[in-house]
Amino acid sequence: MDFPLATILIPAMDMLRPPPDDALRRVVHDEVHARPMPLITLPARVLYVAVRHAADNSREQELAHLQTLPGQSGLTQADLASSFARMRLSAASSGQASQVLQWERHTEFTRYVLLLPLPAGCCAGLDPQPPGIDPEIRRWLAGIPGQTIAAIDLWMLHDELDPAQTEDRMERARRWFAAMHGDPQQPVRLFGAQLGQGHSWGLSDFQIGPDGFERMLVLAPQATSDERAGRIALRLLELETYRLMALRGLPTAKQLGPFLHQAEQELVTITGQMKQDEAIEEELLDRLIALAASVERATAEHAWRYSASRAYFALVRARMDELREKPIRGTQSMRDFIQRRTSPAMATVAASEERLSALSERISRSSGLLRTRIDISAEQQSQQLLHKLTRGQELQTRLQTTVEGLSIAAISYYMVSLVLYAAKAAKGAGLLPWQPETVAGVSIPFVLLLVWWLTRRIHHKLSHDIGGH
């Protein structure tokens with residue numbers, strides 16, 4: 001049954017409304033649309049350049065260079081705020097599709113994808129003399145600010161891919177690559193596969209030509225849609241770019257090799273000396289601290305490169321999976337070539353990263369052991385010092401006791417002398433019937449007892465006061 005349009009339109013007052021948007025909702029949601037795939041109508045030529053950000057390379061420089069393109073003088077910084085921009089340039093000739101440039105800025109590099117439409121039927125049969133490029137485009141590409149990471153000249157041509165002509169097609173492709181390198185007689189070894197489970201062919205020799213560009217060739221049937229052609233091109237270009245970015249960790253790993261070997265040997269020497277009784281702990285700890293500082297500096301300088309290489313290599317494997325390759329008879333596939341040549345390099349990078357991390361952990365453990373040994377040694381020295389102090393106090397106590405005994409004798413002597421003088425005075429006055437010497441002799445025990453009692457009383461008082469504090 002047909003319903004009038006008015007009956008299925010929702011009135012404005014009945015429209016659904018979610019709660020207020022989170023601050024990042026639109027940003028996260030629109031990220032999936034931030035870098036749309038290019039639409040490529042075959043036949044076409046794709047010039048791709050990826051440049052590394054130089055220290056003085058900024059968005060302002062890239063904007064100024066983009067503004068020199070035909071019709072792009074009004075380009076503003078706001079147009080580049082999303083790190084992606086697509087610009088339609090003037091058509092090469094009447095009736096031909098416009099040239100399109102895609103600009104994308106990434107963390108470490110910026111890439112430029114220039115889509116150049118080719119005339120219908122161009123390069124049929126892999127014509128070894130393809131059409132040239134506008135000199136202005138050549139000058140503009142050469143003037144891109146930055147340092148080249150990848151430069152690829154990708155050709156996407158029509159071919160019905162008759163299985164019966166596989167050998168002839170490969171031979172024509174070899175001649176085409178040789179001609180593109182400027183030497184038709186040059187032997188060329190091609191790597192390639194059937195992409196999309198046999199939908200199209202992708203070929204490359206993975207060589208940098210005299211002009212600084214790698215060549216890639218895609219052969220696809222007439223019925224290939226613009227979206228599919230764009231996906232194939234983007235995956236091939238990203239595959240090569242991420243492969244090169246992943247391999248940037250290899251020079252770092254080779255550079256760190258001698259340093260890691262020297263640091264490991266130094267750590268072995270230090271740990272060996274730690275077992276010697278006569279080892280100087282403070283000196284060993286200073287050496288360990290210096291070694292740890294150098295390792296941490298190397299980690300701070302190169303850890304990000306290792307992490308980036310891992311991330312890029314994961315993207316390489318993802319793009320290889322997305323190509324869904326099938327082998328071409330008698331030709332090594334791109335996947336096999338890249339894995340065979342890239343995997344050992346990435347294994348070296350991973351091993352270097354693990355060595356650096358393991359060395360840092362070993363230094364940390366050795367430092368802990370050495371600090372423990374120093375703490376134990378310090379504790380032993382403290383115990384020895386405490387024992388000496390205790391022994392000294394005991395000797396001091398004994399000496400004090402001896403001195404106190406002498407003091408009691410001396411005080412008693414003086415008190416007995418006072419008693420003797422007092423008795424003599426009393427005898428002279430006729431008040432004492434006994435001899436003074438007898439009185440003094442009899443008073444000696446009582447005086448000694450009194451002095452001893454007073455001394456003990458004073459000691460008890462002082463000990464009580466000290467214990468109370």
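**Ground rules**

I noted that this is a predicted model, in which local features need pLDDT of at least 70 and side-chain atom pairs count only at pLDDT 80 or more, while totals for chains, interfaces and linings use all residues. Residues are numbered from 1 along each chain as its sequence is written, and side-chain values use heavy atoms, with hydrogens and water left out.

**The chain as a whole**

I found ten helices and nine strands in the protein chain; helices (H or I, at least four residues) and strands (E, at least two) are DSSP runs, numbered from the N terminus. Of the 469 residues, 38% count as buried. The chain exposes about 27800 Å², and carbon and sulfur atoms supply 57% of that area; accessible areas come from the Shrake-Rupley method with a 1.4 Å probe, and for residues only the protein chains shown count as cover. Among contacts with a separation of 6 or more, 72% are between residues 24 or more positions apart, a contact being heavy atoms within 4.5 Å.

**Backbone entries**

I went back to Phe206, which sits in strand E7 (residues 200-208), and noted that its phi is positive, about 50°, although Phe206 is not a glycine. Leu161 is not a glycine either, and its phi is positive at about 55°; I located Leu161 in the loop between E5 and helix H5 (166-180), and with 13% relative accessibility it counts as buried. I also looked up the peptide bond between Leu42 and Pro43, which is cis, with omega about -5°, and Pro43 belongs to the loop between helix H2 (25-30) and E1.

The 21 residues of H6 should span 30 Å at 1.5 Å a residue, and the end C-alpha atoms are 30 Å apart, which agrees; the expected span is 1.5 Å times one less than the number of residues. Because 15 of its 21 residues are buried, H6 is largely enclosed by the rest of the structure.

Glu240 itself is buried, at 0% relative accessibility. Apart from neighbours within four places in sequence, Glu240 is in contact with Ile152, Phe206, Glu214 and Met216, so I met Phe206 again here. The side chains of Arg243 and Glu240 meet in a salt bridge of 2.6 Å, N to O, a salt bridge being a side-chain nitrogen of Lys or Arg within 4 Å of a carboxyl oxygen of Asp or Glu. Arg243 and Glu240 are three residues apart in helix H6, which means that about one helical turn separates them. Arg243 is buried as well, with a relative accessible area of 13%.

**Salt bridges elsewhere**

How many salt bridges does a search of the whole structure find? I recorded 20. One of them pairs Arg45 with Asp153, with the closest N and O atoms 2.6 Å apart. Arg45 lies in strand E1 (residues 44-52) and Asp153 in strand E5 (residues 147-158), so this pair ties together parts that are 108 residues apart in sequence. Arg45 counts as buried at 8% relative accessibility, and Asp153 counts as buried at 1%.

Glu322 forms a salt bridge with Arg235, where the closest N and O atoms are 3.5 Å apart. This pair links distant parts of the chain, Glu322 being in helix H8 (residues 281-323) and Arg235 in helix H6, 87 residues apart. Glu322 counts as partly exposed, at 31% relative accessibility.

**Ala298 in H8**

I then looked up Ala298, which is found in helix H8 and counts as buried at 7% relative accessibility. Ala298 and Leu256 are 42 residues apart in sequence, and their C-alpha atoms are 8.2 Å apart in space. Leaving aside neighbours within four places in sequence, Ala298 is in contact with Leu256, Phe259, Ala303 and Leu356.

**A surface patch**

Which residues form a nonpolar patch on the surface? I listed Leu449, Leu450, Trp452, Trp453 and Leu454, which together have about 540 Å² of accessible area. Patches are made of residues with over 30% relative accessible area and no salt bridge, with like charges joined within 9 Å and nonpolar side chains (Val, Leu, Ile, Met, Phe, Trp, Tyr) within 5 Å. Leu450 is found in helix H10 (residues 436-468) and is partly exposed, with a relative accessible area of 39%.

Technical notes. Buried < 20%, exposed > 50% of the residue type's maximum accessible area, 1.4 Å probe, protein only.
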